[in-house]
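Good morning, and thank you for the time.

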Amino acid sequence: MFYREAGQFKTSYAADMAIFPIRQDRIGLALILLVAFVAIPATGDQFLLNTMMIPFLILSLAAIGLNILTGYTGLLSLGSAGFMGVGAFACYKLATYFPHVNILIWILVSGIASSAVGVFFGLPSLRIKGFYLVVATLAAQFFLEWAFARVPWLYNYNDSGAIEVSKATLFGVPITGPNATPATRYLVALTIVCAMAWIASNIVHGRIGRMWMAVRDMDIAAELIGIRLFQAKLLAFAVSSFYIGVAGAMMVFLWLGAAEPEAFNIDLSFQLLFMIIIGGLGSIVGAFFGAAIIHLLPIGLRALPAALGLDIAAATVEHLTFMATGALIIIVLIVEPNGLARLWQTTKRKLRVWPFPY
Amino acid sequence: MSVLYAIFVDPFAQMAAAPDLLAQAIWEGLVGGVLYALIALGFVLIYKASGVFNFAQGIMMVFAALTLVGLHEKGVPAWVALGLTIAVMYALALGVERLVLRPLVNQPDIMLLMATFGLTYFLVGFGELVFGGNPKSMITKELWLPQGAIDLHILGGTVTLQKLDIAAAAIALAMVAGLGFFFQKTRIGRALRAVADDHQAALSVGISLEQIWVVVWFAAGVVALATGIMWGARSDVSFALQVVALKALPVLILGGLTSIPGAIVGGLIIGVGEKLGEFYWGPLLGGGIERWLAYFIALAFLLFRPQGLFGERIIERI
């Protein structure tokens, strides 16, 4: 009824295999992009942009990265915050050594640094499987966290031990540092996230994505049909850490403006993992859903008591948020183990045949 | 050259020069290891009987300790509080079985692991909501735990043994012996081993899975309480202890996921390795390497034995 594809004929294999084969989907996506690129920066205030949208985009990108590793390739990782930190610190070092190169280039290049570290810590995955791999990624997380705090070269020997972002411009408009307006930073973040999400979607729908999924479903069987586990797993670590590293660099340069090593502690790793569980393992759109729930829900919960006129201490609300997050994860796992992305697909299918049941 | 000297020669020269310091470091490592082993023991119990990798074990430990101290703060006598905490752990086991495990039966292992992440967050929020987020000190005196230290004059120096640490080791030993007896000799213990061996075969001879799960989670809860008391006595009781609880993961994986002796041996190896590493090699790297050394030790062992020291051989079939 709402969502009928009658009359849309596919005349080529490419059209049939397109990521958005239905016209309504394409229109919907165009509308969402229009709102995101025009309406939100034009009308959004400081709070909406800086506290909600920019972190949401950055966390979505990191969740896409983690989803490539955990959702598509089946390698459980608790080291994502460490890799975000690698991206952030690499970008900071590059920007201090070469201040005249455009910062956007360094944000992307820092992903490569993170990628290299990711591949190094991914090496054990060739021999260690399943739960055992968690130890390897935890080793990465705790080692990197320690290195950020204890290696003074990384934060340029300054007294605070924190990294701070200097001003950088794009076409004469400041995009990082204290002078950049939230709207510009939002637009830069949005552009990067859209481009990278598009690339990720193409990777996972192609040969490489299928290779990863075969490894996830059963790595011995995948090996028997001719997939090289060594390459497949390390490629997953490399691509995933690249995305996570870029997200880390964006987190410091486009959102926080300054960061201490504690910003990349294990809680962030957990949050990213929750995002992909709730959003849906092995789904790009799921990463966005998950980031929205995990990042925006607590903001909503914090605003709720004031909106209802209740007088609850901030600490209590914080604890309730923790409980709600935990309960939500269990409920999602029970009701829909494939996450919100699957729920969204079911809804679309129902809308297509409405008012009939099938 | 001087780097190689600092790594390979100097630490051993220091060890030989001051054997009393070495003995002290090893003793502290052993005690720390026993406590890691206790957390790992809870993991192993649950993993053996239900195949659930219970990430929340560390939080259960903090939660149990916090409940005990919190109840005592509210004016409940220490021993009554202990009893009440055990009751709370039983209620928790019952709740987990009803609300988490039963609806998720037959799901892949990774889903159950994720569910325990959810449980972790829920317990952190719940514990802080009820008992507050401030660190509390453990009620050692009220529970008749020994205090003070014994100084041994050996090896040309003094080695200080905290009485509390000796008590912790004794309690750990008693608990392992008790669990061993429980598993080998009692009716429920036999049922537990049957479930661990094969869920479906156990069901077919009339063992109730639900009941077994509650028993196992309760046993893990009691182990968590004992561990929580010991850790709490060494430092304050707060959710900052969960970083310590994460250390149980390398211990567990080093020993093998399914082996109780593995948990103990793994704990001792990690505990001693981490203390010696921090004491003799830590200054080279600027200190604080205790935070990640345990994971690297476990990783090094895993590269040679992917199933852990005492784990069952992993046989993979298509």
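**Helix packing and the contact between chains**

I begin with chain B, where the crossing of α11(B) and α13(B) is left-handed. A crossing is called left-handed if the near helix is turned anticlockwise from the far one by less than a right angle, and right-handed if clockwise. Helices here are DSSP runs of H or I with at least four residues, and strands are runs of E with at least two, numbered from the N terminus.

Please note that this is a predicted model, in which local features need pLDDT of at least 70 and side-chain atom pairs count only at pLDDT 80 or more, while totals for chains, interfaces and linings use all residues. Residues are numbered from 1 along each chain as its sequence is written, and chains are lettered from A and ligands numbered from 1 in the order in which they are written.

To return to the pair, α11 covers residues 248-255 of chain B and α13 covers residues 290-304 of chain B; their axes come within 9 Å and cross at roughly 15°. Axes are lines fitted to C-alpha atoms, for helices over the stretch in contact, and angles run from 0 to 180 degrees between N-to-C directions. α11(B) and α13(B) are therefore roughly parallel to each other. Angles under 35 degrees count as roughly parallel, over 145 as roughly antiparallel, 65 to 115 as roughly perpendicular and the rest as oblique.

Which residues of α11(B) make this contact? They are Pro250(B), Ile253(B) and Leu254(B), and the partners in α13(B) include Tyr295(B) and Phe301(B). Two residues are in contact if their C-beta atoms, placed from the backbone, lie within 7 Å. By class, this contact of α11(B) with α13(B) has nine nonpolar, no polar and no charged residues. Here Ala, Val, Leu, Ile, Met, Phe, Trp, Tyr, Cys and Pro count as nonpolar, Asp, Glu, Lys and Arg as charged, and the others, Gly among them, as polar.

A second pair in chain B is α2 (residues 19-50) and α3(B), which pack at about 120° with their axes 9 Å apart. That angle makes α2(B) oblique to α3(B), and the crossing is right-handed. Ile39(B), Gly42(B) and Phe43(B) of α2(B) meet Gln57(B), Gly58(B) and Met61(B) of α3(B). This contact of α2(B) with α3(B) divides into three nonpolar, three polar and no charged residues.

Within α3 of chain B, residues 57-73, lies Leu66(B). Is Leu66(B) buried or exposed? Leu66(B) is buried, with 28 other C-beta atoms within 10 Å; the cut-off for buried is 20 or more, for exposed 12 or fewer, and partly exposed lies in between. Leaving aside neighbours within four places in sequence, Leu66(B) is in contact with Gly127(B), Phe131(B) and Val237(B).

In chain A, α3 (residues 46-72) and α11(A) have axes that come within 9 Å and cross at roughly 75°. That makes α3(A) roughly perpendicular to α11(A). α11(A) is mostly covered, with 11 of its 14 residues buried.

Finally, the contact between the chains takes 35 residues from chain A and 40 residues from chain B. On the side of chain A that touches chain B, α13(A) gives the largest share, 13 residues. The residues of that side of chain A divide into 29 nonpolar, four polar and two charged.
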